[in-house]
Amino acid sequence: MSVPTSLDVEQARPRLRELTVVDVRTPGEFASGHLPNALNVPLDRLVRSLPELRPAADRGPLLIVCASGARSDSAVRTLSSHGIPASSLAGGTEAWAAGGHALEYPGGGALEYPGGGARPRAVWAMERQVRLAAGSLVLLGLLLGLLLHPAFSLLSAAIGGGLVFSALTGTCGMAVVLGRLAFNRRGAGVRP
């Protein structure tokens, strides 16, 4: 069966009951609001979860979701390379919420976005966390280089090199490290 590599919100919403929704964001991001009945399999654990995802894909189409669509596109390529067809939700949970569709919160059911009561404290998207960490380290390296010793400027150069490497390879070591922090692991353990 042929599965499209991407579905937009209006294509996915009427099919939600037949799709197995897999959210590849960190557990902390997942806890800050996800599509109804989504399973959380963070991108860094995707390959280890193949034995659970393969039977789910045999039962019906997989819809892979992240915050904006970038990580889910990567996950779809990874799954495809292991013979598991899947579709990415174009625009991710941001597009879902912007379309006025309900998000679910662990232990709290569905709340309409926006409003409907108090939302749990949101965790920043991983891309935003990486930008904050990288920018802070670059500024720290420059400041220490000016105030203490010029060799500290190498920290800024290392971060710049890491960002270039990340862009060229489509990987991000800083995101992997940040994903292991406690606030990004909140709510871990939801699996297919």
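The following paragraphs describe the fold, surface and two local sites of a predicted protein model.

Local features were considered only at pLDDT of at least 70 and side-chain atom pairs only at pLDDT 80 or more, whereas totals for chains, interfaces and linings use all residues. Residues are numbered from 1 along each chain as its sequence is written, and side-chain values use heavy atoms, with hydrogens and water left out.

The protein chain contains 9 helices and 7 strands, taken as DSSP runs (H or I of at least four residues for helices, E of at least two for strands) and numbered from the N terminus. Where contacts (heavy atoms within 4.5 Å) link residues at least 6 apart in sequence, 64% of them join residues at least 24 apart.

The accessible surface of the protein chain, computed by the Shrake-Rupley method with a 1.4 Å probe, amounts to about 10,200 Å², and carbon and sulfur atoms account for 62% of this area. Phe152 lies in the loop between α6 (126–147) and α7 (153–169) and is partly exposed, at 37% relative accessible area.

Ser32, by contrast, is buried at 9% relative accessibility and occupies the loop between α2 (27–31) and β3 (39–40). A polar atom of the Ser32 side chain is placed 2.6 Å from the backbone oxygen of Glu29.

How values were computed. Buried means under 20% relative accessible area, exposed over 50%, partly exposed in between (1.4 Å probe, protein chains only). A polar contact is a pair of N or O atoms within 3.5 Å; within protein, one must be able to donate a hydrogen and the other to accept it, and residues adjacent in sequence count only if both atoms are side-chain atoms.
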